[in-house]
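Hello,

Here is the structure I promised to pass on. Have a look at it first, and my notes on the charged residues follow below.

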Amino acid sequence: MSYLFTSESVSEGHPDKVADQISDALLDTLLAYDCDAKMDCGTFVTTGQVVVAMQAYGNDVDIRGETRRVIQQIGYTKGEYRFEAESCGICTAVQLLARNVNRGVERADALNQGANEQGAVFGYATNETPNYMPLALDLAHQLLIELAEIRKNSSQLMPYLAPDAKAQVTIQYSDSGVPEKIDTVAISIQHDGSMFDREAQEKIKHDVINILLPRVKAKYPQAIQKLFTDTIIYHVTPTAFGGPGYQPGITGRQIIADTYGGKGAHGGGGFSGKNPSHISRSAAYAARHIAKNLVAAGIADEILVQVAYVPGVAKPLHFFINTYGKSHVNLTDTQIAEKVSQIFDMRPEAIKARLKLRNPIYFETASYGHMGRQPETVQKTFSSRSKGDKTLEVELFTWEKLDYVDVIKAAFADHCQNHSLVPRPVRRKQRIRHFKNLPKRKKRVYRKRRNRQKIQKIRLAKCRALTIDEVLLCLDTARRRFEEPDKLLTVKMCR
């Protein structure tokens, strides 16, 4: 029996995402001038109002100016949205970050600096999509990314679009967990109020099917494009009421859309507004980095990684891996976890150094998911009231890089079931070791079979100089005389 699985995503104009983007934009500005700066920031948005609460020590930040810039960039530039970049009120509450927390975790040796909080984080990866993300969530993200692209750069295609939107995708899976088809697509779109609800529903549904879906479908490989069938059920909910003007938003409320859409697991901690010293953010990125590289290396088709920490202790409390019975190595999940823990240093400071988390790279993560994004290097410009403008070149989404695949393959080479992942010299050593461990009777059988194969290779080599009729006669004779002729002869003839 097949089953259905659903994931949801929200656009950059959703109230919660507006709050996330403001918090991470302020964090980036702080890190741009002081890479060791620490900050916790929570943002609340509602009708015509933004409240920013911050604990920080580091450089000064133009909170109001940065907040208005983010709101304008998202697209809230009209008074009818009841939340507009230039006219909204901005309240701030800023205080110094508590120093007693740092006294419990700071060490003379930076690498042995303890975690500043307790908690468990999860990383997940699956080979359903090219970016190793669950298909339902990835499709939901791509639908909203494409909607934003149309709204900002091709507005003539869907001129009624407003910033707020939600997308939900349901995938039908086989019993073995393989996607069979897209079952349902549900989209809620905020429009500019120029259409009545019934007219808007018909118009937007037509545009979703004929404009939006083809653009999203074209982004995927042929195997996923086949899942876009004529039987997809569409639910379109247009509304002129959306955004912070009609619904309040708070930082950190979209943690499932931010991660894996309900697949795998989540530790419960939000990401946005937290500097990289928080393991609830940095270790979650590191766990995703591990899971993605393990799946890309062929260790399993699907992997969940959990890492737990306690305050003041640098090394993780434990390291857990679940392959859901889809492992391709001759090891238990516990043994896999032991090997992986030797490859990746999961101390907080090591994570920050390996993934370059002390750079201003967080604003881009605050919408359309923290995971499954494309690593890239960009230039970003920041402004400070006391130190002026500053331009930096930073690398985004470093935890999505496949830079440990070769290391993992080498570490698991002796235990790999999939021989294509094992170097040829290693496979030969495995065969020799296996032969040495065989009892004498089986060794004799093995030698006889190997001798017959050598004889057959010689005869086939001679057959190539014969006529077609003679070759056919030799093949017919070989089929009758040898135990496994079809497989061997097919391989040799193909060569």
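A salt bridge here is a side-chain nitrogen of Lys or Arg within 4 Å of a carboxyl oxygen of Asp or Glu. With that rule, Asp36, Glu349, Lys352 and Arg358 are linked in a network of salt bridges, and the count comes to 23 salt bridges.

Please keep in mind that this is a predicted model, where local features need pLDDT of at least 70, side-chain atom pairs count only at pLDDT 80 or more, and totals for chains, interfaces and linings use all residues. Residues are numbered from 1 along each chain as its sequence is written, and side-chain values use heavy atoms, with hydrogens and water left out.

Glutamate 12 may interest you. Its side chain meets that of arginine 151 in a salt bridge (3.9 Å, N to O). Lysine 152 also forms a salt bridge with glutamate 12, with the closest N and O atoms 2.7 Å apart. Lysine 152 lies in helix H4 and glutamate 12 in the loop between S1 and H1, so this pair ties together parts that are 140 residues apart in sequence. Helices (H or I, at least four residues) and strands (E, at least two) are DSSP runs, numbered from the N terminus.

How exposed or buried are these residues? Glutamate 12 and arginine 151 are both buried, whereas lysine 152 is partly exposed, with a relative accessible area of 41%. Buried means under 20% relative accessible area, exposed over 50%, and partly exposed in between (1.4 Å probe, protein chains only).

Best wishes
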